[in-house]
Amino acid sequence: MTRPRSLSVYCFTAMLAGLSVVLLQERAVADDPGIRPSKQWPTYWQYHDSPVLLLGGSDDDNLFQLPDLEEHLDAMRDAGGNYVRNTMSDRPDRGFEVYAYARRDDGKYDLKQWNPEYWQRFENLLRWTHARQIFVQIEVWDRFDFFGDNWKRHPYNPGNNVNYSGEESGLDAEYPDHPGRNKQPFFFTTPEQRNLTLLLRIQQRFVDKMLEHALAYDHVLYCIDNETAAEEAWGAYWADYLHRSAAQRGRRVYVTEMWDDWNLQAARHRRTLDHPQRYEFVDVSQNNHQRGQRHWDNFQWARRYVAPNPRPINTVKTYGADGGRFGNSRDGVERFWRHVIGGAAAARFHRPDAGLGLSPPAVASLKAARKLESLIKLWDVAPANELLHDREENEAYLAARPGQAYALFFPGKGEVRLDLREHRGPFRVRWISVADGDWAGEAPLSGGAPALLVTPQQDGGWVAAIVPAS
């Protein structure tokens, strides 16, 4: 009979295991040219040793299930997009989705047998995005798969598979409450929670299969959940699991968690913000429920909070579209630009109708952002609203490297004075229309004093790129 280890021996063993993972990660990252926080600008990403700004807009959450995926990726690339969100979700809400598991002739699922079509679609997404240099942010679990009608037909429901009963798994046949109430035992399986070992092994097998595909590529980021309200131990377990599994294969992965709180200063966000070794980047998508100046200020608070341990801040879901529930199309465009100008490493329009997806307004903003980037690298400037005089709330937002570059976003018509007293110039200003993504004129600008900047007459949003005259 094997004697149980003492607590001290267990802790020592765990410490050594953790240290070995860290060493493996460091060894892997030393030679890894893939997506990773930039060495020179750690609040932005780099790929193959060059900094890269991630921007995108796509029309589905579980993008790998989209029937016309290649065409959609081509359209996004042509617009200047290079960033997509992909939940591993399989709920059949649009009719073309498939589940990850094989279905038997009697209608029951076998959780020990895969559905090849599901995994081929996932492989296609990884292969096609890699070929187009489009970066993928995976969300491993989506809480909306596990409640209501989605749960009633899901393979994990004990009534739908041949692998366990409700009593064996701890799962009920129905979970009618909104997942924000966190009543689903599926999110309590880890050892520090309810330790539901039977179900945890099945979850691990799914994640292992996902990593079998994803770790073959170098353009993938990982998020544990979609806007979760789960316990801290749940996300921590899976973040550590991803790191450990990757390290065992000689790879390094970058992981975050997406919390549901709209206020980034809420205590729940500290679970990510305070643990840079576990969560190497931050996702603040829920900030996109905010509007106007509050939206900017909330994000700037997060930037200041992580400054002692700087790392990228992504916003993979920008809400706002006419006809949706989370603001109109103008809200969506403004939120995207406030994050881009405000220092986000990645920004993407959420799928319709919660966001603009790859609609014409989204395409226009992507094109406009790439035009701005052709003149000013966003990692080379920093938020600098203090240099704007006579500014009204939500009138304009500035990122600058004083004397060298100024990126100025106007949500609509406006006029402000840019403080150039310490920089005589000369400068030139180039206008970009956010509404159509086109250049909209240029003019000389004198320094040495506050310089008046007035948007072109029509409304619709404007970006001014101000650089030294050549």
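Mentor: What follows takes the terms in turn and tests each one on this structure. The model is predicted, so local features need pLDDT of at least 70 and side-chain atom pairs count only at pLDDT 80 or more, while totals for chains, interfaces and linings use all residues. Residues are numbered from 1 along each chain as its sequence is written, and side-chain values use heavy atoms, with hydrogens and water left out.

Trainee: Why is Ala-236 called buried?

Mentor: Buried means under 20% relative accessible area, exposed over 50%, and partly exposed in between, with a 1.4 Å probe and protein chains only. Ala-236 has 11%, so Ala-236 is buried. Ala-236 lies in helix 7 (residues 232–248). Helices (H or I, at least four residues) and strands (E, at least two) are DSSP runs, numbered from the N terminus.

Trainee: Which residues does Ala-236 contact, leaving aside its neighbours within four places in sequence?

Mentor: Contact means heavy atoms within 4.5 Å. By that rule Ala-236 is in contact with Arg-278 and Tyr-279. Gly-250 is 14 residues from Ala-236 in sequence, and their C-alpha atoms are 21 Å apart.

Trainee: Is Lys-209 buried or exposed?

Mentor: Lys-209 has a relative accessible area of 16%, so the word is buried. Lys-209 is found in helix 6, and Lys-209 touches Trp-114 and Trp-119, not counting residues up to four places away in sequence.

Trainee: What makes a set of residues a nonpolar core?

Mentor: Its members are buried Ala, Val, Leu, Ile, Met, Phe, Trp, Tyr and Cys residues joined through side-chain atoms within 4.5 Å. The largest such core here has 109 residues, and Trp-141, Tyr-156, Phe-206, Met-210, Tyr-222 and Trp-337 touch the most other members. Helix 6 (residues 197–214) gives the largest share of this core, eight residues. Beyond its neighbours within four places in sequence, Phe-206 has contacts that include Met-88, Trp-114, Trp-141 and Tyr-156. Another core, of 21 residues, lies apart from this one, and among its residues are Ala-396 and Leu-418.

Trainee: What makes strand 5 mostly covered?

Mentor: Five of the five residues of strand 5 (residues 83–87) are buried. In a regular strand the side chains alternate between the two faces of the sheet. Here Tyr-83, Arg-85 and Thr-87 are on one side, Val-84 and Asn-86 are on the other, and all are buried.

Trainee: How do you know that strand 5 pairs with strand 8?

Mentor: Two strands pair if DSSP finds at least two bridges between them. Five bridges join strand 5 to strand 8 (residues 135–141), and the two run parallel. Asn-86 stands opposite Ile-138 in strand 8.

Trainee: Why is the unit of strand 12, helix 10 and strand 13 called right-handed?

Mentor: A crossover is right-handed if, with the strands pointing away from the viewer, the path from the first strand over the helix to the second runs clockwise. Strand 12, helix 10 and strand 13 make a β-α-β unit of that hand.

Trainee: What makes strand 14 and strand 20 edges?

Mentor: Six strands form an open sheet in the order 14-16-17-22-19-20, with antiparallel pairing. Strand 14 and strand 20 (439–445) each have a single partner strand, so one side of each is left without a neighbour in the sheet. Within this sheet, seven bridges join strand 19 (residues 427–433) to strand 22 (residues 462–468). The bridge partner of Arg-428 in strand 22 is Val-467.
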